[in-house]
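Student: I have a protein model open and want to go through it with you. Can we start with the overall picture and then go into the details?

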Amino acid sequence: MRLVPGLLPFVLSVAACTDAPVEPTQHMPRPDDPSFTLYVSNQSFDLDRVDITVRIDGELAVTGDFDVEGQHTWIPFDFGLAPGTHEIVAVTQDGDATLTKSFTMDDRKFGVLDFWFYPDGPEPTPRQFSFFVTDEAPLFE
């Protein structure tokens, strides 16, 4: 087998990029007048960067690496969801957690999806997601 001249540096540079963070990205259309805003956050200093994939009603909605930063960082994503029952599924490979929840749209709604993991805290928290929906835009501290 012959190595093509100049190929090794290229292959090594591509391999070095695999640990680069993936910017959080919305995959479903972003409407001008959203009916649902989803805030996503990593709340774990023990996993300061965690991959999160979100599907809404089976459709890929959000993917990316979420950094804990100062722990008070929520990234908003706007969607146009119709009235009725919807299902959100959140998965992280790095964080080894999955969440599946249903929620009902009957008016403008706001959802908050957080990843948690504190194995050595005063009250140890396993790898998990929390999710809630509210009628009012959440106030974050």
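Student: Before that, what kind of model is it?

Tutor: The model is predicted.

Student: OK. How many helices and strands are in the protein?

Tutor: The protein has one helix and nine strands. Starting at the N terminus, the order of elements is α-β-β-β-β-β-β-β-β-β.

Student: And what share of the residues counts as buried?

Tutor: 38% of the 141 residues. The accessible surface of the protein is about 8,600 Å², and carbon and sulfur atoms hold 54% of that surface.

Student: What about contacts between residues 24 or more positions apart?

Tutor: Among contacts with a separation of 6 or more, 66% are between residues 24 or more positions apart.

Student: Let's walk across it. How many bridges join strand 1 to strand 4?

Tutor: Two bridges, with the strands running antiparallel. Gln26 is opposite Val62 in strand 4.

Student: Next pair, strand 3 and strand 4. How many bridges there?

Tutor: Eight, again with antiparallel strands. Val50 has Phe66 in strand 4 as its bridge partner, and Ile52 has Gly64 in strand 4.

Student: How many residues sit between strand 3 and strand 4 in the hairpin?

Tutor: Two residues lie between them, and Asp57 in the turn has a positive phi of about 55°.

Student: Hold that thought, I want to finish the sheet. How many bridges do strand 3 and strand 6 have?

Tutor: Strand 3 and strand 6 pair over four bridges, in the antiparallel sense. Arg55 stands opposite Val89 in strand 6.

Student: And strand 6 with strand 7, how many bridges?

Tutor: Nine bridges, also antiparallel, with strand 6 covering residues 84-92. Glu87 has Ser102 in strand 7 as its bridge partner.

Student: Which way do side chains point along a regular strand?

Tutor: In general, they alternate between the two faces of the sheet.

Student: How accessible is Asp57?

Tutor: Asp57 counts as partly exposed because its relative accessibility is 44%. Asp57 belongs to the loop between strand 3 and strand 4 (59-67).

Student: Is Asp96 buried or exposed?

Tutor: Asp96 is exposed, because its relative accessible area is 59%.

Student: Changing topic: serines in loops. Where is Ser44?

Tutor: Ser44 is in the loop between strand 2 and strand 3 (49-56). Ser44 counts as buried because its relative accessible area is 0%.

Student: What does the side chain of Ser44 reach?

Tutor: It reaches the backbone oxygen of Phe117, at 2.8 Å. Apart from neighbours within four places in sequence, Ser44 contacts Val68, Phe115, Trp116, Phe117 and Tyr118.

Student: Phe117 again. What sits over the ring of Phe117?

Tutor: The charged end of Arg127, 4.3 Å from the ring centre.

Student: And Ser35, where is that one?

Tutor: Ser35 is in the loop between strand 1 (25-26) and strand 2 (36-42). Ser35 has a relative accessibility of 19%, so it counts as buried; the cut-off for buried is under 20%.

Student: Which residues does Ser35 touch?

Tutor: Setting aside residues up to four places away in sequence, Ser35 touches Phe79, Gly80, Leu81, Met105, Asp107, Arg108 and Lys109.

Student: Last topic, aromatics. How many aromatic pairs does the structure hold?

Tutor: Five. One aromatic cluster is made of Phe36, Phe79, Phe103 and Phe131. Phe79 is also among the residues that Ser35 touches.

Technical notes:
Residues are numbered from 1 along each chain as its sequence is written. This is a predicted model: local features need pLDDT of at least 70, side-chain atom pairs count only at pLDDT 80 or more; totals for chains, interfaces and linings use all residues. Side-chain values use heavy atoms; hydrogens and water are left out. Buried means under 20% relative accessible area, exposed over 50%, partly exposed in between (1.4 Å probe, protein chains only). Contact means heavy atoms within 4.5 Å. Accessible areas come from the Shrake-Rupley method with a 1.4 Å probe; for residues, only the protein chains shown count as cover. A polar contact is a pair of N or O atoms within 3.5 Å; within protein, one must be able to donate a hydrogen and the other to accept it, and residues adjacent in sequence count only if both atoms are side-chain atoms. Two strands pair if DSSP finds at least two bridges between them. Rings of Phe, Tyr and Trp (its six-membered ring) pair if their centres lie within 6.5 Å; planes under 30 degrees apart count as stacked, over 60 as edge-to-face and the rest as tilted. A charge sits over a ring if NZ of Lys or CZ of Arg is within 6 Å of the ring centre and within 35 degrees of the ring normal.
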